[in-house]
Amino acid sequence: MKCTKKDHKEASSDGCFLRLSCAPLCPTGRMAMAARTPSFQPAVWYVLGTVPAKSWDLPAIIHLGQPEIAQSAAQQIHTEKSKSNNDARNVNNPAEKGLHHLGEWTKEGGSMSGHSSGQVIREDYCEMYCGTCRNRTCSVSNNILTTDDYQIMEVFLVLKFTWTNPFFRGEWNIYKLSNETDIKLVRVSVSGIPSANDVRFRTSKFYLRSLGIKDITGYNVESPSLKVEERDITYANGPETLTLRYLSDNVVNSAVANNYIRQSEDNLKRIAIVSSIPTRQLTFEIGEATFERKIELTSLTFAGLEVEYLNAKTFHNMLNLEMLILDNVVLEDLSFLESNALRQTLKDIIIKIEDEVDMQVFGSFSKLTTIEVDKYIPFKNQTAFICRTGDVLCVFRMGTNGIPCPPKCKCQYNRNNREFEINCSQRYLFLVPTLPVPIAGITSLLLQGNYITKLPNKTLAGYNNVKKLNVSQNELTSLSISQLPTNLDDLDISYNQISYLDPEVLEYVTNLTHFKQFGNKWIFYCNELHLLEFSWRMRKSVRILKDSFSHVLEMMDKTTAGSAAFLKFFFNLNPKKLYYEADEDAILTSMGSGEIYVNLKIMEDFHRLMWIFSAEYDEIIMYHLNASCPYRCECCVDPESGQFIINCMKMYLEFYPILPKSLQYNTTLNLDGNEISKLSEPPFLVMPGHATIQELHIQNNRLTEFPHHLLPENLTYLDVRNNSLNTLDDDVVGFMRFREGITEIKLSGNPWKSDCSTKSFLSLLREREPEEYAKTLNRSGVISSGGCPDACICCLDQSSKDLSIIIDCTSKGLLDIPPLPIPTIGQITLYFDGNFLEELPSISLPGFSRVTRLHVAHNRLTIIDKLPTDLVYLDIRKNGISVLNDSTREFFDKRMNSSHLELLLSGNPWTCDCENLDFLEFVKRQAKYIGDTSLVVCSDTGLPLIETEESDICPSAFIYYAALAASMLVVASSINVFICFRQPILIWFYEHEICLSLAARRDLDQDKRYDAFLAFCHKDEELIEEFVERLEQGKHKFRLCFYLRDWLVGSSIPDCISQSVKDSRRIIILMTDNFLKSTWGRLEFRLALHATSKDRCKRLIVVLYPDVKNFDDLDSELRTYMVLNTYLERNNPNFWNKLIYSMPHT
């Protein structure tokens, strides 16, 4: 049939061409023809343009009517591309989209014929082919051109040119396929040639120019015995890669292959001549001048062949050859290695032959990097790396500087990452050895786990060539710029003893790609801004260990819902896949300035969880903390004072900083201006580092509590101003009093309570900050006029339903009751016990008339009158009152009957005689309102008033009274004699063991561990020897306790004092002038006094030394005791007898 233009149009009119888009399918199952647009670049063109030479040959597997095969091929291409280029996984990659469309389309059963830009074969092709002849036929149907000589079809951008006529007629009759200047095709495949020596077995240049095709990715021409593939083809320069593949044994193969190479363009970069017959090696004879003009060749491969005539001349003009592969070949000899061109240019060689290869033949190859060989004879001066087939690691012999691998070290080359590793780890090295310089690759020097104290200078042989340096776990103390290789990229100095980096070194390590320093303990001085900036920058890069990342995020979701997903968005896995990394600034500013506060809280929670899971990568450990600087804080040493400062001012912190290790240095923690409400979360958790803080600045926060167990024991400065504290518990107050003169405290600006439940704190507040105390009292609003007396403490008593003000002036050494404040509501309770009051004030004294409860025990009152009219409680015990006048008794009767006045009277020298019979009747009448009736006794008889009868004090007969008086006189005289000289008599009896039953005394605490606790100043240690000799080694053998011998080292001194007092039956105070001036001495005295104040026997023995002139150094409480109680004078001649008698004995 003759081809006409009309026939051609009809043949192609129903063609349905592939279009890589989502166009609707044709009714026939094919896709509608797309209009051809010059700018359109089909997606699959990008895919096939990057498929490696070994990938699927689409023309061989894609056929009309077989979409499932096409889909499989596309998937295989997709798989191989994904392996070679991870970026192809991105859904935005055009190649990915193209394969996706292909898969979708083939699932629908669509046709594979056609192309993306319209019909390839021009409409008038048959007219040109037929010409004026009448014996030729030509037709075009479904974009398939069929002639008498050949068939052309375009399948998925691959042009298949098949010779259908086994004989060549002498005329080519091949014409340009299209009027377009550049047909978009990926590959051209020529087949149907019966023999390799057929004239039609031509290079791509011939066919591309004949068909009017310019640049394509691949070309192949095939005969039964030989197949040739060309890759990376351009119209002007031809292919860059040429592969000639033996398919069968044919004598013409060598000649055809040699001729094909000669005819190929001279711009070839890679030539491979390989055999596909695995059972035996086919012969390839290298012809004359085959490679003569291939001066651009960089890679030459012979595989599975018996190569003949391979000699030095073969490589004469290959001035750029870098790779030579001789894979499973048979060679006549290795004389070709004598080529000067090879010796100057060759970088890599694979030589797999049956015989051993003597490595010495490569001795003069100046650029040779790797030799892949299985059988070889070693050569010790070999600079190239020797690799076995399949091995990644290659053998090293000698560096280019003539230095072999250092003794004790292991050297090898990794050809995957081109890294030369010198492994000297854990080799007991004290110095860095001289190093070889490899022929190629990045030098990695591993020195971890040795005893190196100093890095060498860069002048050390081979050292300056190092790119990766690991000197972790050594004993380095410093780094200098002269010790760091010029082109270093990776440095690991972990676990050394480096504490400082100078600015030049710091700039150097900052520019490294990888730098690891964990395990060193850094000392940053506050004026070393370069180090502080470095630390801040390092810590703003949040790095979390890969294995802990998911755990931290999981916990974040439990504590802060939704925050894990928010944070995960910012983190990326680092190239070494060791940790996830994020920029904290990017996180904080991600939601705008309005939400930065929320993000700050999220990040604070996140860092706390990082600490809990020990998840931070490469922490910066501070020498003074033995841990990293707390989150969002700056840590440095004040160069002038030597104080270690942790500065966390105004950082929006909600939690107290984590200080996991004890601090052995003068440490200041500044937390001013944050939002901390508790020092510990949970409350019972105490950080060891917190317990050793010396200065704590935490003003302008939200503190609501400051428990005693969180007070640093060595605290010298505490600033809690402007918080939300309303009191400090008694233990804290005790600590502050104990540290008086040692610890400075700032308390103002808190909403302190004026409640009497906090009286001990209010007392401290008044002593330390009287203005703040006055503000606290005024804030309560219960005082209308007058202030709290200077020596007293005023507070609000809310323990009962009747509101009252308590004014506590106990044991202040006062002579008179001062003017009292006048409350706005309620009454006044006045505690004035333990003073020197001799008479009550006038009722006109301000505020005194509002007193309803009056405590004046332990004073010097001799008369009671002028009492407040609304009195409901009166304590006048331990005074010098002997009688109550009539008006006072009448007042008591009236108040007891009306308001149930409670009265305490014991400890006074009450007169019991007929003149005061009314007082006896009063006591008996109002006994239920007298709280200590049984203890109220007559001064002359010692009998309780409640048991005394009128007849006992008012006799009825003169004789009786006279006899009684005479008898009583004798008895009284005897008793007076005994009473006056009772103690000397008993001491004499006890000393001479006479009448021991009379001298013996009953002790109520016989189960205590010690007989006596010796309290003395450390400056008076020489005094102890005589007490030990007299009391422990003397006749009576007492057991003593004193700190030099009996206290445990490291225990709290206050606790030891308290325990020693509790465990001893007596407390002996050696009161010297040194003792009075000692803080610890006064504390021991006070604790002993408090512990024995309620004892029924006298346990406290004060030994007064002559150097004590007065008691002015004691506070009022202790001074009162010394005034009102007896003591032993050390210079008394009878001192030891009195002391021994005062000791426990039965």
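The model is predicted: local features need pLDDT of at least 70, side-chain atom pairs count only at pLDDT 80 or more, and totals for chains, interfaces and linings use all residues. Residues are numbered from 1 along each chain as its sequence is written, and side-chain values use heavy atoms, with hydrogens and water left out.

**Helix packing**

Two packed helices are described by the angle between their axes and the distance between the axes. Helix α10 covers residues 503–510 and helix α11 residues 529–540; their angle is about 20 degrees and their axes are 10 Å apart. Axes are lines fitted to C-alpha atoms, for helices over the stretch in contact, and angles run from 0 to 180 degrees between N-to-C directions. Helices (H or I, at least four residues) and strands (E, at least two) are DSSP runs, numbered from the N terminus. The crossing of α10 past α11 is left-handed: the near helix is turned anticlockwise from the far one by less than a right angle, whereas clockwise would be right-handed. From α10, Pro 503, Leu 506 and Thr 510 make the contact; from α11, His 530, Leu 531, Phe 534 and Arg 537 do. Contact means heavy atoms within 4.5 Å.

**Aromatic rings and charges**

The whole structure holds 43 aromatic pairs. Rings of Phe, Tyr and Trp (its six-membered ring) pair if their centres lie within 6.5 Å; planes under 30 degrees apart are stacked, over 60 edge-to-face, the rest tilted. Phe 738 and Trp 1080 form a tilted pair, 4.3 Å centre to centre, with 55 degrees between the planes. This pair links distant parts of the chain, 342 residues apart: Phe 738 is in helix α17 (residues 730–738) and Trp 1080 in helix α30 (residues 1079–1092). Phe 738 is buried because its relative accessibility is 16%. Trp 1080, at 34%, is partly exposed. Buried means under 20% relative accessible area, exposed over 50%, partly exposed in between (1.4 Å probe, protein chains only).

Ring pairs also build a cluster, whose members include Tyr 129, Trp 163, Phe 206 and Tyr 219. Two charged side chains sit over rings. The test is NZ of Lys or CZ of Arg within 6 Å of the ring centre and within 35 degrees of the ring normal.

| Charged residue | Ring | Distance to ring centre |
|---|---|---|
| Arg 200 | Trp 163 | 4.9 Å |
| Lys 759 | Tyr 831 | 5.3 Å |

**Backbone and a buried serine**

Asp 232 is not a glycine, yet its phi is positive, about 55 degrees. Asp 232 belongs to strand β7 (residues 226–233) and is partly exposed at 34% relative accessibility. Asn 700, also other than glycine, has a positive phi near 55 degrees. Its place is the loop between β36 (695–697) and β37 (717–719). Asn 700 is partly exposed, with a relative accessible area of 38%.

Ser 204 lies in helix α7 (residues 204–211). At 3% relative accessibility, Ser 204 is buried. Leaving aside neighbours within four places in sequence, Ser 204 contacts Tyr 219, Glu 230, Ile 233, Pro 239 and Tyr 260.

**The chain as a whole**

The protein chain has 32 helices and 51 strands. Of its 1146 residues, 49% count as buried. Among contacts with a separation of 6 or more, 56% join residues 24 or more positions apart.
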